[in-house]
Amino acid sequence: MHSPRDGQGVAAAAAGVAHPALGVATPAAKTRRPISLWLVFCALSSLLLLFMIIAPLIVCLWGSFTTLKVMGAGSERGAGWEQVTTSRDEEKAESQSAAASVDLGVFAKGARNIAGSVTTFWYQYVWEVYGGTLHLSLMLAVISICICIVLGVLGGYALVRYTFFGKNLIEEMILLPLSLPGIAVAVALIETYGVLRGSWVIILFGHLLYTLPFMMQSVTNTLRSFDFVTLEQAASSMGAGPWQRLRYILLPNLKHAIIVGSLLVFAISLGEFNASFLLNTPFNQTFPAALYDSYTNDSFQVSSAATCIFMFIVIPALMAMQLIGGKEMRDIGGA
Amino acid sequence: MSYEIRLHDLSKIYPDGTVALGGVSFICPRSACTTLVGPSGSGKTTILKIISGLLDASGGTVSFDDRVMTHLPPEKRNIGMVFQSYALFPNMTVLENVEFGLLVRKVSAADRRRRALEALESVQIAPLAQRRIRQLSGGQQQRVALARAIVFQPDILLLDEPLSALDAKIRQELRGELAASLRQFKITAVYVTHDQEEAMALGDQVVVMDHGKIMQIGTPFEVYARPANEFVARFIGTANLYDVEIQRSANAHFHIRLGFSEVSVAEDTFRQRWPGVAGGSAQLMCRPQDVSIAELSNAHARIRISSLLFLGDRIRITGETENGKTMRFEAHNTTKISVGDVVPIRLDLDCIHIIPVAD
Ligand SMILES: Nc1ncnc2c1ncn2[C@@H]1O[C@H](COP(=O)(O)OP(=O)(O)O)[C@@H](O)[C@H]1O
Ligand SMILES: [Mg+2]
């Protein structure tokens with residue numbers, strides 16, 4: 001199909017053929033001008049995007065696969081690098097069984113002697129050292145998703161469907177953590193649930209405070225975007241009891257909201273740093289908190305590899321979110 | 001099986017204190033269509049929702065024949081309902097929408113499909129079975145909503161302004177189809193509308209409502225030709241209403257003084273037509289088509305014409321009586337008159353109606 005602009009272009013071209021003497025260049029230039037402005041605008045924003053987001057990613061990606069030799073002297077951060085990794089080793093040895101611990105000292109010494117310029121050594125290293133924290137982070141994200149789905153659907157339903165005393169207050173309370181600094185949330189949690197310090201449960205609490213508002217918003221937005229109260233009334237007039245309404249009407253119509261909400265929860269929980277950093281101890285360290293450690297203690301290559309691992313997990317999730325979000329609009333027809 | 005719906009003394013006060021219904025009782029006869037008509041906010045939807053069980057009444061009872069339904073949830077009432085917004089399920093195709101009532105009744109898949117297709121056939125949209133809801137026009141959605149409501153053979157069919165979301169032309173078309181369908185289904189139906197023409201066209205019985213109260217119940221002819229009060233006279237169709245003084249004269253006639261004219265009706269006829277009216281103050285109603293331009297010799301009044309509206313087949317004339325009252329009437333489209341003319345008119349005494357003054 002031709003867009004209206006194509007049509008104009010064709011018309012202008014036809015006019016050009018018909019009246020070569022009548023200064024055809026003018027209409028042609030007129031149709032071209034907005035396009036070139038558009039191009040300039042696109043180019044500028046692409047450049048900006050490149051510098052702001054893509055460039056650091058590329059640098060990280062490059063760094064994560066290069067050996068120390070390529071980076072040259074001085075790229076190895078601080079003289080304490082070997083020491084730190086060794087002391088981390090000891091720390092691990094204390095908390096875990098000696099058999100399971102990895103001889104990181106050997107690892108670290110090995111790093112200097114890798115031949116060639118491309119290596120996956122850093123990824124192995126991150127996996128060995130921070131694998132546990134990644135595992136914890138993924139677990140927290142999955143548990144957060146499950147709890148958010150249950151609370152978000154039930155709570156969102158209640159908020160949209162019923163009017164009750166204190167409803168507005170509840171809605172505000174749910175959004176409140178988003179406007180609080182992570183440190184405030186962390187301190188409040190530690191004060192309140194001090195017993196849980198050192199357990200992953202307290203970090204889960206923190207993550208729920210930050211993720212639930214998003215699931216809730218996703219669900220209530222969808223519920224409000226179609227007259228879902230009437231849909232339910234229609235279903236019950238046709239003989240559907242509460243469970244059948246949940247199964248055939250509510251959940252199918254909320255499917256995309258739940259998927260999009262879950263991916264948001266996943267991305268936020270996995271990347272949450274502020275609260276997790278304050279809540280974490282060596283026994284419940286999350287991956288972002290470990291990333292911080294690696295930035296301060298390890299070489300550039302190690303933190304690059306850690307960042308890249310992070311990206312490999314988060315970017316597909318975000319892409320899925322975008323895909324599903326677009327599909328939702330097409331299926332329901334934008335309500 | 002179809003039932004008679006009996007509503008007894010229904011009242012509804014919403015939590016915010018709005019009195020939506022103040023003691024409403026009537027019976028919707030078996031296998032007939034009852035239309036509920038009234039201005040927006042008169043409580044029609046509220047009644048429909050109470051019949052369906054979607055809303056609890058504050059007082060009163062709903063029964064289908066002798067079965068009291070008042071506290072049964074909607075899914076246990078075996079009703080079909082067509083919503084103003086249609087409320088079709090966006091997550092399902094047309095066919096799945098129509099199958100839904102059968103699905104929740106645990107009808108086998110093959111039966112479901114057959115019966116749903118039959119229902120779609122009966123509203124002439126079987127070819128659209130696989131479409132999604134958003135791919136349908138308003139009129140098509142209306143048909144799906146109807147098919148969906150009747151496919152499981154409900155005892156009662158409730159329709160809430162099913163045509164009001166459509167544009168005028170399609171509304172006219174579908175009104176006729178809907179009337180035919182309702183007759184064919186032979187189901188007890190309650191049809192809510194704010195459009196008085198629709199109410200008369202579709203209803204075997206018309207219930208006129210205002211402010212949560214019933215103003216009149218009757219056949220379409222009764223509410224149109226013999227309105228019980230001024231509200232009904234003004235709401236149903238167009239009416240000329242005049243305050244009149246009625247006096248019985250010596251020669252067995254009732255004299256009706258309009259202020260700009262006087263007409264008389266034989267006593268027998270008067271008593272038979274308006275048994276509730278004794279004499280004294282009342283209101284006289286005449287419809288525009290009951291007034292015609294006449295010879296001066298047998299005219300009832302002279303009207304000065306203030307505006308003319310050409311309607312195609314006829315002209316709608318608005319004029320003023322000698323004492324400044326407005327009169328609307330009609331004339332054939334070939335009538336030669338213009339604004340400012342004074343024309344003699346005559347009332348059709350067989351069609352006028354006397355409304356007793358409310359006390
Ligand atoms: N949920 C509600 N809460 C409060 N008032 C309501 C509610 N629903 C309807 N009403 C009021 O009750 C009256 C009757 O409403 P309704 O039955 O919807 O009228 P209709 O269908 O005749 O237009 C109106 O005054 C309306 O404002
Ligand atoms: Mg209504």
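1. The shell around ligand 1 is made up of 3 nonpolar, 7 polar and 2 charged residues. In this division Ala, Val, Leu, Ile, Met, Phe, Trp, Tyr, Cys and Pro count as nonpolar, Asp, Glu, Lys and Arg as charged, and the others, Gly among them, as polar.

2. The model is a predicted one, in which local features need pLDDT of at least 70, side-chain atom pairs count only at pLDDT 80 or more, and totals for chains, interfaces and linings use all residues. Residues are numbered from 1 along each chain as its sequence is written, chains are lettered from A and ligands numbered from 1 in the order in which they are written, and side-chain values use heavy atoms, with hydrogens and water left out.

3. Among the residues around ligand 1 are B:Tyr14, B:Asp16, B:Pro39, B:Gly41, B:Lys44 and B:Thr46; a residue is included if one of its heavy atoms lies within 4 Å of the molecule. Helix H1 of chain B (residues 44–52) provides the largest share of this shell, 3 residues. Helices here are DSSP runs (H or I, at least four residues) and strands likewise (E, at least two), numbered from the N terminus.

4. Which atoms of ligand 1 approach B:Gly41 and B:Lys44? An oxygen atom of the ligand is 2.7 Å from a polar backbone atom of B:Gly41, and an oxygen atom is 2.9 Å from an N or O atom in the side chain of B:Lys44. The protein covers 63% of the 560 Å² of accessible area that ligand 1 has on its own (Shrake-Rupley method, 1.4 Å probe).

5. Turning to the interface, 22 residues from chain A and 25 residues from chain B take part in the contact, where contact means heavy atoms within 4.5 Å. Between them the two chains bury about 1900 Å², 64% of it on carbon and sulfur atoms. Buried area is the accessible area (1.4 Å probe) that two parts lose on being put together, summed over both.

6. The rule finds 1 salt bridge across this interface, that is, a side-chain nitrogen of Lys or Arg within 4 Å of a carboxyl oxygen of Asp or Glu. The partners are B:Glu75 and A:Arg245, with the closest N and O atoms 3.6 Å apart. On the side of chain A that touches chain B, helices H10 (228–237), H11 (242–271) and H14 (300–332) each supply at least two residues. By class, that side has 10 nonpolar, 9 polar and 3 charged residues.

7. Over all chains, the structure holds 20 salt bridges. The pair that crosses between chains runs from B:Glu75, in the loop between strand S5 (67–68) and strand S6 (79–82) of chain B, to A:Arg245 in helix H11 of chain A.

8. Finally, B:Asn229 is found in the loop between helix H7 (220–225) and helix H8 (230–235) of chain B. Setting aside residues up to four places away in sequence, B:Asn229 touches B:Met215 and B:Ile355.

How values were computed: Polar contact = N/O pair within 3.5 Å; in protein donor to acceptor, adjacent residues only side chain to side chain.
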